[in-house]
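This report is meant to be read alongside the sequence and the model.

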Amino acid sequence: MGQINNARSFLGSGSGNGDKLCCSCGQIRAEKAVKKAIKSTFTNLDDLIKFPSMYICDSCLELYNNPDFRFKSIFSDNPGSYVVIERSRALQILSDPPEQYVLSLPYSFKKHHWLFAGISTRETAKIGTDDREVVLDYKQHDIPMIIGEIMEMISLGVPRSEIITGNYSIFTLDKYPFVKNSEALISGLRHCGGVELIVKYTPAVKEKKKYEKKEENPMLTSSEINAVNFLSSIAENSVYRIENGMQFWGGFFERRVNRFKELNIKLFAEKLTTAVASKEGIWCNMLKELTEEELEDIMADIRSKTHILIAIVYGERSKNK
């Protein structure tokens, strides 16, 4: 089979009697010209060719022509062979990986996902997906714990799309206040594609768990409490909120806060009240009664914690209805 130094050599049969360098696996066994062996409709040629050659070996050609490597979840812990696994087994493997293996998982069932797989170990997983290699570092992250946390979030009803992006709606943050702590645990795997992979391969939940929301307030600093009260006063008196509640909390209010939050607090309040068709409220008294330092702290919190503060404002209003 030759020296195994990449996933393509690991997965392949090792066949090929040529004397040329294979552009895909790097072994000296190729004899077929790529331009004749690969279909003209193939769009991943740059990903297929990893070595300076225009020839491909029979082993890599077999992988290219094998429909399993486009449409199925592929696992191998034995060089030269592979098995098609059920989707539910993928996260089981990543929770307790073997010493050495190759795992490649399709998202769309249209791409040659095996082109992006690497050889994985207990310390580092290199998983092939539609258009990237997802690298999970077990030394840096507690991968089994993160998998469990994401599966729990999904079972409780947190939207999958929001877990993937990390952009949780105000409604989600209010309904599931634990998301803030969960996000602190899982966010380190988002850039590498790990969060998306885990979400996509978490099995469908037949019956979601019921989450009992606790009523106690989150621990806020005095400045954050002032910021919540300040924003709440403007929202309370907004004619737009009264007439268009879902749109107001669904992004209208936050976009306008973001538009003006770099201003000083007086201009911020004036511009925001006009933009949301509001009127004077307790925020006017706060401008008179609080010190300059306290007012600056309010704006600092609004600038850096806009989304979560608005979620708290929404939650407080919902609770007090």
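Phe-109 lies in the loop between β7 (100-104) and β8 (120-121), where helices (H or I, at least four residues) and strands (E, at least two) are DSSP runs numbered from the N terminus. The phi angle of Phe-109 is near 65 degrees, a positive value in a residue other than glycine. At 36% relative accessibility, Phe-109 counts as partly exposed; in this scheme buried means under 20% relative accessible area, exposed means over 50%, and partly exposed is in between, with a 1.4 Å probe and protein chains only.

The model is a predicted one, in which local features need pLDDT of at least 70 and side-chain atom pairs count only at pLDDT 80 or more, while totals for chains, interfaces and linings use all residues. Residues are numbered from 1 along each chain as its sequence is written, and side-chain values use heavy atoms, with hydrogens and water left out.

Ala-277 also has a positive phi, of about 55 degrees, although it is not a glycine. Ala-277 is placed in the loop between α15 (265-275) and α16 (282-289). The table sets out the accessibility of several single residues.

| Residue | Relative accessible area | Class |
|---|---|---|
| Asp-130 | 7% | buried |
| Asn-44 | 10% | buried |
| Val-135 | 31% | partly exposed |
| Ala-277 | 37% | partly exposed |

Asp-130 lies in the loop between β9 (124-128) and β10 (133-137). Not counting residues up to four places away in sequence, Asp-130 touches Leu-105, Pro-106, Tyr-107, Ser-108, Lys-111, His-113 and Phe-116, contact being defined as heavy atoms within 4.5 Å. Asp-130 and Trp-114 are 16 residues apart in sequence, and their C-alpha atoms are 8.2 Å apart in space. Asn-44, found in the loop between α2 (34-37) and α3 (45-48), is in contact with Leu-115 and Phe-116 when its neighbours within four places in sequence are left aside.

Val-135 belongs to strand β10. Its contacts, leaving aside neighbours within four places in sequence, are Thr-124, Ala-125, Lys-126 and Cys-192. Val-135 and Leu-189 are 54 residues apart in sequence and 9.0 Å apart from C-alpha to C-alpha.

Two helices may be considered next. Six of the eight residues of helix α4 (residues 58-65) are buried, so this helix is largely enclosed by the rest of the structure. The buried residues of α4 are Asp-58, Ser-59, Cys-60, Leu-61, Leu-63 and Tyr-64, and what covers them includes α1 (7-11), β2 (28-30), β3 (32-33), α2, β4 (55-56) and α5 (68-71). Among the buried residues of α12 are Val-228, Phe-230, Leu-231 and Ile-234.

Taken as a whole, the protein has 18 helices and 10 strands, and buried residues make up 47% of its 321 residues. The C-alpha trace spans about 85 × 35 × 35 Å along its principal axes. Among contacts between residues at least 6 apart in sequence, 62% join residues at least 24 apart.
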